[in-house]
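Hi,

Here is the structure you asked for.

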Amino acid sequence: MDQTHESPSHHVPVLRDEVVAYLAPAGSGTIVDATYGRGGHALALAAAYPAAWIVGVDRDPEAVASAPRRPRLVVVRGNFADLDRIVARVREEHDELPPIAGVLLDLGVSSPQLDAPERGFSYRTAGPLDMRMGPDAATDAASLVAHADVDELTRIFRRYGEERYARRIAEAVVRARPIHDTAELAAVVAEAVPAAARRSGHPARRVFQALRIAVNEELDALERGLDAAVGLLAPGGRIVVISYHSLEDRIVKRRFAAAAAGCVCPPDLPVCACGRVPELRLVTRRAVRPSPKEVAENPRSRSARLRVAEKLEARP
Ligand SMILES: C[S@@+](CC[C@H](N)C(=O)[O-])C[C@H]1O[C@@H](n2cnc3c(N)ncnc32)[C@H](O)[C@@H]1O
(Lines give C-alpha, C1' and ligand atoms only; values in the text may rest on other atoms or scores of the structure.)
Protein backbone atom coordinates (compact mmCIF):
# COMPACT_ATOMS: atom_id res chain seq x y z
CA MET A 1 0.00 0.00 0.00
CA ASP A 2 1.01 3.59 -0.45
CA GLN A 3 2.59 5.19 2.63
CA THR A 4 0.51 8.36 2.49
CA HIS A 5 0.06 10.76 5.33
CA GLU A 6 -3.74 10.78 5.23
CA SER A 7 -3.77 7.30 6.70
CA PRO A 8 -6.77 5.60 8.23
CA SER A 9 -5.88 3.76 11.44
CA HIS A 10 -7.86 0.68 10.38
CA HIS A 11 -7.44 -1.12 7.05
CA VAL A 12 -9.79 -0.14 4.22
CA PRO A 13 -9.90 -2.96 1.64
CA VAL A 14 -8.80 -1.70 -1.77
CA LEU A 15 -11.02 -2.37 -4.83
CA ARG A 16 -13.27 -4.41 -2.54
CA ASP A 17 -16.37 -4.45 -4.78
CA GLU A 18 -14.28 -5.39 -7.81
CA VAL A 19 -12.65 -8.28 -5.90
CA VAL A 20 -16.06 -9.55 -4.82
CA ALA A 21 -17.45 -9.31 -8.37
CA TYR A 22 -14.46 -11.01 -10.04
CA LEU A 23 -14.63 -13.88 -7.55
CA ALA A 24 -18.37 -14.49 -8.13
CA PRO A 25 -17.66 -17.78 -9.99
CA ALA A 26 -15.91 -18.99 -6.82
CA GLY A 27 -18.96 -18.31 -4.65
CA SER A 28 -19.79 -21.93 -3.82
CA GLY A 29 -16.24 -23.26 -3.50
CA THR A 30 -13.24 -22.38 -1.35
CA ILE A 31 -11.71 -18.92 -1.67
CA VAL A 32 -8.15 -18.60 -0.37
CA ASP A 33 -7.38 -15.07 0.83
CA ALA A 34 -3.60 -15.43 0.91
CA THR A 35 -3.12 -11.95 2.44
CA TYR A 36 -5.80 -11.88 5.15
CA GLY A 37 -4.64 -8.63 6.83
CA ARG A 38 -7.63 -7.40 8.81
CA GLY A 39 -10.05 -9.50 6.78
CA GLY A 40 -11.56 -6.61 4.81
CA HIS A 41 -11.75 -8.62 1.61
CA ALA A 42 -12.29 -12.00 3.26
CA LEU A 43 -15.29 -10.84 5.27
CA ALA A 44 -16.80 -9.02 2.27
CA LEU A 45 -16.45 -12.27 0.29
CA ALA A 46 -18.01 -14.27 3.14
CA ALA A 47 -20.96 -11.84 3.25
CA ALA A 48 -21.46 -11.92 -0.53
CA TYR A 49 -21.09 -15.71 -0.87
CA PRO A 50 -22.43 -17.34 2.31
CA ALA A 51 -21.93 -20.87 0.93
CA ALA A 52 -18.22 -20.31 0.27
CA TRP A 53 -15.43 -21.50 2.54
CA ILE A 54 -12.79 -18.85 3.15
CA VAL A 55 -9.22 -19.86 4.00
CA GLY A 56 -7.23 -16.83 5.19
CA VAL A 57 -3.43 -16.83 5.30
CA ASP A 58 -1.06 -14.17 6.65
CA ARG A 59 2.59 -14.01 7.70
CA ASP A 60 1.68 -11.72 10.54
CA PRO A 61 0.49 -13.33 13.81
CA GLU A 62 -1.43 -10.12 14.64
CA ALA A 63 -3.46 -10.46 11.43
CA VAL A 64 -4.33 -14.07 12.28
CA ALA A 65 -5.25 -13.13 15.86
CA SER A 66 -7.64 -10.46 14.55
CA ALA A 67 -9.79 -13.01 12.69
CA PRO A 68 -13.28 -13.69 14.06
CA ARG A 69 -14.39 -17.23 14.79
CA ARG A 70 -17.18 -18.17 12.44
CA PRO A 71 -18.31 -21.16 10.40
CA ARG A 72 -16.50 -21.81 7.09
CA LEU A 73 -13.71 -19.32 7.92
CA VAL A 74 -10.25 -20.74 8.70
CA VAL A 75 -7.36 -18.29 9.18
CA VAL A 76 -3.80 -19.57 9.57
CA ARG A 77 -0.32 -18.09 9.78
CA GLY A 78 2.05 -18.74 6.92
CA ASN A 79 3.91 -17.36 3.94
CA PHE A 80 1.91 -17.58 0.72
CA ALA A 81 5.12 -18.74 -0.97
CA ASP A 82 4.13 -22.11 0.59
CA LEU A 83 0.45 -21.83 -0.28
CA ASP A 84 0.11 -25.39 -1.56
CA ARG A 85 1.47 -26.87 1.69
CA ILE A 86 -0.60 -24.47 3.82
CA VAL A 87 -3.84 -25.38 2.03
CA ALA A 88 -2.99 -29.10 2.22
CA ARG A 89 -2.63 -28.74 6.00
CA VAL A 90 -5.98 -26.93 6.29
CA ARG A 91 -7.58 -29.68 4.20
CA GLU A 92 -6.22 -32.34 6.57
CA GLU A 93 -8.24 -30.72 9.36
CA HIS A 94 -11.27 -29.84 7.24
CA ASP A 95 -11.80 -32.63 4.74
CA GLU A 96 -15.15 -31.10 3.78
CA LEU A 97 -13.31 -28.14 2.16
CA PRO A 98 -14.70 -27.70 -1.39
CA PRO A 99 -12.29 -27.33 -4.35
CA ILE A 100 -10.22 -24.13 -4.51
CA ALA A 101 -12.29 -21.86 -6.75
CA GLY A 102 -10.62 -18.52 -5.98
CA VAL A 103 -7.33 -17.12 -4.70
CA LEU A 104 -6.78 -13.49 -3.71
CA LEU A 105 -3.41 -11.82 -3.17
CA ASP A 106 -3.62 -8.21 -1.95
CA LEU A 107 0.09 -7.51 -1.72
CA GLY A 108 2.24 -5.37 0.54
CA VAL A 109 1.52 -4.24 4.07
CA SER A 110 -1.71 -3.35 5.84
CA SER A 111 -2.57 -0.03 7.45
CA PRO A 112 -2.21 -1.44 11.01
CA GLN A 113 1.31 -2.61 10.09
CA LEU A 114 2.25 0.74 8.51
CA ASP A 115 0.73 2.78 11.31
CA ALA A 116 2.41 0.94 14.21
CA PRO A 117 5.75 2.73 14.75
CA GLU A 118 7.12 -0.33 16.57
CA ARG A 119 6.89 -2.38 13.34
CA GLY A 120 9.39 -0.02 11.68
CA PHE A 121 7.66 0.24 8.28
CA SER A 122 7.08 3.99 8.36
CA TYR A 123 9.53 6.75 7.53
CA ARG A 124 7.13 9.23 9.11
CA THR A 125 7.40 8.05 12.71
CA ALA A 126 10.39 6.98 14.78
CA GLY A 127 10.54 3.25 15.43
CA PRO A 128 12.95 0.34 15.45
CA LEU A 129 14.41 -0.76 12.12
CA ASP A 130 12.35 -3.94 11.98
CA MET A 131 10.07 -4.18 8.87
CA ARG A 132 9.43 -7.92 9.25
CA MET A 133 5.92 -8.87 8.22
CA GLY A 134 6.17 -11.91 10.44
CA PRO A 135 8.61 -13.83 12.60
CA ASP A 136 9.51 -16.14 9.69
CA ALA A 137 11.57 -13.41 7.93
CA ALA A 138 15.25 -14.38 7.84
CA THR A 139 16.54 -10.89 8.68
CA ASP A 140 15.34 -7.43 9.72
CA ALA A 141 16.04 -3.91 8.48
CA ALA A 142 18.40 -3.17 11.41
CA SER A 143 20.66 -6.00 10.37
CA LEU A 144 20.77 -4.90 6.71
CA VAL A 145 21.35 -1.25 7.62
CA ALA A 146 24.11 -2.19 10.08
CA HIS A 147 25.96 -4.87 8.14
CA ALA A 148 25.33 -4.75 4.36
CA ASP A 149 28.20 -3.16 2.44
CA VAL A 150 27.82 -0.28 -0.02
CA ASP A 151 27.43 -2.60 -3.03
CA GLU A 152 24.75 -4.68 -1.36
CA LEU A 153 22.78 -1.63 -0.16
CA THR A 154 23.10 -0.04 -3.62
CA ARG A 155 21.72 -3.21 -5.20
CA ILE A 156 18.78 -3.30 -2.75
CA PHE A 157 17.89 0.39 -3.20
CA ARG A 158 18.24 0.21 -6.99
CA ARG A 159 16.53 -3.12 -7.57
CA TYR A 160 13.70 -2.99 -5.05
CA GLY A 161 13.23 0.78 -4.79
CA GLU A 162 14.15 1.75 -8.37
CA GLU A 163 16.06 4.52 -6.57
CA ARG A 164 18.06 6.79 -8.86
CA TYR A 165 20.48 7.87 -6.11
CA ALA A 166 21.01 4.34 -4.78
CA ARG A 167 24.81 4.50 -4.49
CA ARG A 168 24.90 7.98 -2.93
CA ILE A 169 22.36 6.87 -0.34
CA ALA A 170 24.16 3.57 0.33
CA GLU A 171 27.43 5.43 0.92
CA ALA A 172 25.68 7.89 3.23
CA VAL A 173 24.11 5.03 5.22
CA VAL A 174 27.46 3.29 5.68
CA ARG A 175 29.09 6.59 6.73
CA ALA A 176 26.32 7.38 9.22
CA ARG A 177 26.46 4.03 11.08
CA PRO A 178 25.33 3.28 13.71
CA ILE A 179 21.77 4.23 12.63
CA HIS A 180 19.41 3.60 15.51
CA ASP A 181 15.87 3.96 14.17
CA THR A 182 13.59 4.74 11.22
CA ALA A 183 13.67 8.50 11.83
CA GLU A 184 17.49 8.56 11.72
CA LEU A 185 17.52 6.49 8.55
CA ALA A 186 14.92 8.76 6.88
CA ALA A 187 17.04 11.80 7.79
CA VAL A 188 20.22 10.21 6.39
CA VAL A 189 18.43 9.46 3.10
CA ALA A 190 16.96 12.97 2.88
CA GLU A 191 20.43 14.47 3.39
CA ALA A 192 21.99 12.21 0.76
CA VAL A 193 19.74 13.09 -2.19
CA PRO A 194 19.99 16.35 -4.16
CA ALA A 195 17.64 19.14 -3.06
CA ALA A 196 15.57 18.80 -6.25
CA ALA A 197 14.83 15.13 -5.46
CA ARG A 198 13.44 16.15 -2.05
CA ARG A 199 10.60 18.02 -3.72
CA SER A 200 8.86 15.03 -5.33
CA GLY A 201 7.41 13.04 -2.43
CA HIS A 202 9.27 11.91 0.66
CA PRO A 203 12.89 11.15 -0.28
CA ALA A 204 12.95 8.01 1.92
CA ARG A 205 9.87 6.38 0.35
CA ARG A 206 11.75 4.24 -2.17
CA VAL A 207 14.51 3.26 0.29
CA PHE A 208 11.95 2.08 2.86
CA GLN A 209 10.08 0.14 0.17
CA ALA A 210 13.35 -1.44 -0.95
CA LEU A 211 14.40 -2.51 2.56
CA ARG A 212 10.94 -3.93 3.26
CA ILE A 213 11.00 -5.98 0.05
CA ALA A 214 14.51 -7.25 0.84
CA VAL A 215 13.74 -8.10 4.49
CA ASN A 216 10.61 -10.05 3.56
CA GLU A 217 11.94 -11.47 0.26
CA GLU A 218 8.67 -10.25 -1.18
CA LEU A 219 9.34 -10.74 -4.89
CA ASP A 220 10.53 -14.31 -4.43
CA ALA A 221 7.45 -15.02 -2.28
CA LEU A 222 5.24 -13.53 -5.00
CA GLU A 223 6.74 -15.71 -7.76
CA ARG A 224 6.36 -18.83 -5.64
CA GLY A 225 2.91 -17.81 -4.41
CA LEU A 226 1.62 -17.29 -7.96
CA ASP A 227 2.88 -20.71 -9.04
CA ALA A 228 1.32 -22.35 -5.99
CA ALA A 229 -1.98 -20.51 -6.48
CA VAL A 230 -2.27 -21.48 -10.15
CA GLY A 231 -1.49 -25.08 -9.21
CA LEU A 232 -4.15 -25.12 -6.48
CA LEU A 233 -7.01 -23.66 -8.53
CA ALA A 234 -9.70 -25.99 -9.85
CA PRO A 235 -10.67 -25.53 -13.54
CA GLY A 236 -12.77 -22.36 -13.87
CA GLY A 237 -11.27 -21.01 -10.64
CA ARG A 238 -9.97 -17.45 -10.55
CA ILE A 239 -6.90 -15.73 -9.21
CA VAL A 240 -7.11 -12.04 -8.32
CA VAL A 241 -3.95 -10.07 -7.52
CA ILE A 242 -3.72 -6.47 -6.31
CA SER A 243 -0.23 -5.00 -6.51
CA TYR A 244 1.02 -1.60 -5.37
CA HIS A 245 4.21 -0.99 -7.32
CA SER A 246 5.57 -1.75 -10.75
CA LEU A 247 7.97 -4.50 -9.58
CA GLU A 248 5.07 -6.57 -8.27
CA ASP A 249 2.76 -5.76 -11.14
CA ARG A 250 5.39 -6.74 -13.70
CA ILE A 251 5.79 -10.17 -12.09
CA VAL A 252 2.02 -10.75 -12.06
CA LYS A 253 1.56 -9.53 -15.63
CA ARG A 254 4.37 -11.73 -16.96
CA ARG A 255 3.30 -14.83 -15.01
CA PHE A 256 -0.29 -14.49 -16.24
CA ALA A 257 0.80 -13.81 -19.83
CA ALA A 258 3.15 -16.81 -19.87
CA ALA A 259 0.46 -19.10 -18.45
CA ALA A 260 -2.09 -17.81 -20.96
CA ALA A 261 0.28 -18.30 -23.90
CA GLY A 262 1.29 -21.87 -23.10
CA CYS A 263 3.90 -22.68 -25.76
CA VAL A 264 7.33 -21.16 -25.11
CA CYS A 265 8.98 -22.30 -28.36
CA PRO A 266 10.84 -19.69 -30.45
CA PRO A 267 8.43 -18.19 -33.03
CA ASP A 268 10.50 -19.49 -35.98
CA LEU A 269 10.06 -23.15 -34.94
CA PRO A 270 7.55 -24.71 -37.42
CA VAL A 271 5.91 -26.98 -34.80
CA CYS A 272 5.72 -26.77 -31.04
CA ALA A 273 8.44 -28.76 -29.32
CA CYS A 274 7.82 -27.66 -25.71
CA GLY A 275 4.38 -29.24 -25.43
CA ARG A 276 3.16 -26.56 -23.01
CA VAL A 277 -0.51 -25.67 -23.20
CA PRO A 278 -2.26 -22.58 -21.82
CA GLU A 279 -3.12 -22.90 -18.11
CA LEU A 280 -4.90 -19.58 -17.65
CA ARG A 281 -7.27 -17.27 -19.51
CA LEU A 282 -6.79 -13.55 -18.89
CA VAL A 283 -10.00 -12.08 -17.46
CA THR A 284 -8.57 -8.53 -17.29
CA ARG A 285 -6.51 -7.52 -20.34
CA ARG A 286 -5.39 -4.30 -18.64
CA ALA A 287 -4.91 -3.72 -14.94
CA VAL A 288 -8.01 -2.40 -13.16
CA ARG A 289 -7.35 0.83 -11.22
CA PRO A 290 -9.32 2.36 -8.34
CA SER A 291 -11.79 5.08 -9.29
CA PRO A 292 -11.00 8.73 -8.47
CA LYS A 293 -13.71 8.47 -5.79
CA GLU A 294 -11.97 5.51 -4.12
CA VAL A 295 -8.58 7.27 -4.25
CA ALA A 296 -10.14 10.40 -2.71
CA GLU A 297 -11.68 8.34 0.10
CA ASN A 298 -8.66 6.07 0.62
CA PRO A 299 -5.43 7.69 -0.67
CA ARG A 300 -3.50 4.50 0.07
CA SER A 301 -5.32 2.85 -2.83
CA ARG A 302 -3.84 5.22 -5.38
CA SER A 303 -1.14 2.93 -6.77
CA ALA A 304 -3.27 -0.24 -6.79
CA ARG A 305 -3.49 -2.40 -9.90
CA LEU A 306 -5.75 -5.43 -10.01
CA ARG A 307 -5.34 -8.34 -12.44
CA VAL A 308 -7.51 -11.44 -12.80
CA ALA A 309 -6.99 -14.75 -14.58
CA GLU A 310 -9.04 -17.95 -14.80
CA LYS A 311 -7.75 -21.50 -14.69
CA LEU A 312 -8.47 -23.50 -17.84
CA GLU A 313 -9.54 -27.16 -18.04
CA ALA A 314 -6.51 -29.44 -18.29
CA ARG A 315 -6.32 -30.89 -21.82
CA PRO A 316 -6.30 -34.69 -22.04
C1 LIG B 1 -2.48 -5.10 1.92
S2 LIG B 1 -2.58 -6.13 3.30
C3 LIG B 1 -4.04 -7.08 3.01
C4 LIG B 1 -5.26 -6.44 3.55
C5 LIG B 1 -6.51 -7.29 3.45
N6 LIG B 1 -6.84 -7.57 2.08
C7 LIG B 1 -7.66 -6.59 4.13
O8 LIG B 1 -8.60 -6.16 3.43
O9 LIG B 1 -7.63 -6.47 5.35
C10 LIG B 1 -1.34 -7.33 3.00
C11 LIG B 1 -1.25 -8.41 4.04
O12 LIG B 1 -0.55 -9.49 3.45
C13 LIG B 1 0.39 -10.01 4.35
N14 LIG B 1 1.44 -10.59 3.53
C15 LIG B 1 2.30 -9.96 2.72
N16 LIG B 1 3.13 -10.84 2.13
C17 LIG B 1 2.76 -12.06 2.57
C18 LIG B 1 3.22 -13.39 2.31
N19 LIG B 1 4.28 -13.62 1.50
N20 LIG B 1 2.58 -14.41 2.90
C21 LIG B 1 1.53 -14.19 3.73
N22 LIG B 1 1.06 -12.95 4.04
C23 LIG B 1 1.66 -11.91 3.45
C24 LIG B 1 0.82 -8.84 5.19
O25 LIG B 1 1.27 -9.29 6.46
C26 LIG B 1 -0.47 -8.02 5.29
O27 LIG B 1 -1.21 -8.37 6.43
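Below is what turned up for the ligand and then for the cysteines.

A word on the source: this is a predicted model, where local features need pLDDT of at least 70, side-chain atom pairs count only at pLDDT 80 or more, and totals for chains, interfaces and linings use all residues. Residues are numbered from 1 along each chain as its sequence is written, and side-chain values use heavy atoms, with hydrogens and water left out.

Ligand first. There are 24 residues around the ligand, the closest being H41, D58, F80, D106 and Q113 (a residue counts if one of its heavy atoms lies within 4 Å). By class, that shell has 8 nonpolar, 11 polar (Gly goes in here) and 5 charged residues; Asp, Glu, Lys and Arg count as charged, Ala, Val, Leu, Ile, Met, Phe, Trp, Tyr, Cys and Pro as nonpolar, and the others as polar.

As for individual atoms, a side-chain N or O of D58 is 2.7 Å from a ligand oxygen, and a polar backbone atom of G40 is 3.2 Å from an oxygen of the ligand. A ligand nitrogen has a backbone N or O of R59 at 3.1 Å. On its own the ligand exposes 600 Å², and the protein buries 99% of that (Shrake-Rupley areas, 1.4 Å probe).

Now the cysteines: the whole structure has 0 disulfides (cysteine sulfur pairs within 2.5 Å).

Cheers

Terms used. Polar contact = N/O pair within 3.5 Å; in protein donor to acceptor, adjacent residues only side chain to side chain.
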